[in-house]
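Have the structure open as you read.

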Amino acid sequence: LAGNIKHGGLIEKAFGITLRELMFDFGGGSASGRPIKAVQVGGPLGAYVPESQWDIPLDYEAYAAVGAVVGHGGIVVHDDTADMARLARYAMEFCAIESCGKCTPCRIGSTRGVEVIDRISNGENRPQQVKLLRDLCDTMVHGSLCAMGGMTPFPVLSALNHYPEDFGLAAPTQLAA
Ligand code: SF4
């Protein structure tokens with residue numbers, strides 16, 4: 001349990017505990033004292049989980065059902081000052097740096113992903129760029145050879161779907177099929 005949390009550390013519990021229990025019963029809430037906004041579960045390629053999903057039991061099936069992953073079990077907490085578009089950009093940038101370069105969706109897609117998110121943040125033809133970002137994520141999920149490129153869309157799409165206002169979008173948008 002890490003990030004913006006009062007009591008970070010290693011917690012060993014059976015599957016089925018909820019994020020809310022972990023963050024508040026064990027973690028004591030945010031270190032900043034501000035409301036918690038988003039929680040990245042499962043590592044740097046894990047999805048951002050919004051408050052509406054903090055009472056879901058932490059297990060493989062329940063998380064898969066909402067498009068999230070348990071991953072390596074890491075839980076990184078962000079308070080309400082987090083800019084989810086910036087965190088989505090960071091995920092693409094992380095992929096671009098870490099990519100081994102063997103396959104195109106990951107090697108090129110991550111770099112294009114950074115550029116597309118920048119255009120969304122700058123308000124350049126936003127609807128078209130959001131569609132492009134979803135198409136790009138779909139290609140990365142289905143065309144990458146390993147989890148590096150295949151899972152980078154998890155933090156990107158979860159940020160876009162759950163926090164559209166941070167991307168300058170008014171209404172919640174749907175996860176691409
Ligand atoms: S998805 Fe995996 S194999 Fe393909 S470039 Fe990225 S790190 Fe390499």
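This is a predicted model: local features need pLDDT of at least 70, side-chain atom pairs count only at pLDDT 80 or more; totals for chains, interfaces and linings use all residues.

## Around the ligand

A residue is near a molecule or strand if one of its heavy atoms lies within 4 Å of it. By that cut-off, the ligand is surrounded by Ser99, Cys100, Gly101, Lys102, Cys103, Cys106, Ser144, Leu145, Cys146, Met148 and Gly149. This shell divides into six nonpolar residues, four polar and one charged.

Residues are numbered from 1 along each chain as its sequence is written, and side-chain values use heavy atoms, with hydrogens and water left out.

## Helix α5

Helices (H or I, at least four residues) and strands (E, at least two) are DSSP runs, numbered from the N terminus. Helix α5 covers residues 126-143, 18 residues in all, and reaches 25 Å from its first C-alpha to its last, close to the expected 26 Å. That expected span is 1.5 Å times one less than the number of residues.

Which residues of α5 are buried? They are Gln129, Val130, Leu133, Arg134, Leu136, Cys137 and Met140. The arc is that of the directions from the helix axis to the C-beta atoms. On the other side of α5, Pro127, Lys131 and His142 are exposed. Buried means under 20% relative accessible area, exposed over 50%, and partly exposed in between (1.4 Å probe, protein chains only). The cover over the buried residues of α5 includes α3 (84-98), α4 (104-121), α6 (147-151) and α7 (153-162), with contact meaning heavy atoms within 4.5 Å.

## Helix α1

Now for α1, where Leu19, Leu22 and Met23 are buried. These residues cover an arc of only 85° around the axis, which puts them on the same side of α1. What do the buried residues of α1 pack against? Their partners are β2, β3, α2 and β4. Just after α1 comes Gly28, which takes a positive phi of about 75°.

## Salt bridges

Count a salt bridge whenever a side-chain nitrogen of Lys or Arg is within 4 Å of a carboxyl oxygen of Asp or Glu, and you get eight of them. In one, the side chains of Arg20 and Glu51 meet at 3.2 Å, N to O. This pair links distant parts of the chain, with Arg20 in α1 (residues 19-26) and Glu51 in the loop between β3 (48-49) and α2 (60-65), 31 residues apart. Arg20 is partly exposed at 26% relative accessibility, and Glu51 is partly exposed at 43%. Together with Asp55, Arg20 and Glu51 are linked in a network of salt bridges.

Arg34 and Asp80 also form a salt bridge, at 2.6 Å, N to O. Arg34 lies in the loop between α1 and β2 (36-41) and Asp80 in the loop between β4 (75-79) and α3, so the pair ties together parts 46 residues apart in sequence. Asp135 and Lys131 sit four residues apart, about one turn of the helix.

Note on methods:
Ala, Val, Leu, Ile, Met, Phe, Trp, Tyr, Cys and Pro count as nonpolar, Asp, Glu, Lys and Arg as charged, and the others, Gly among them, as polar.
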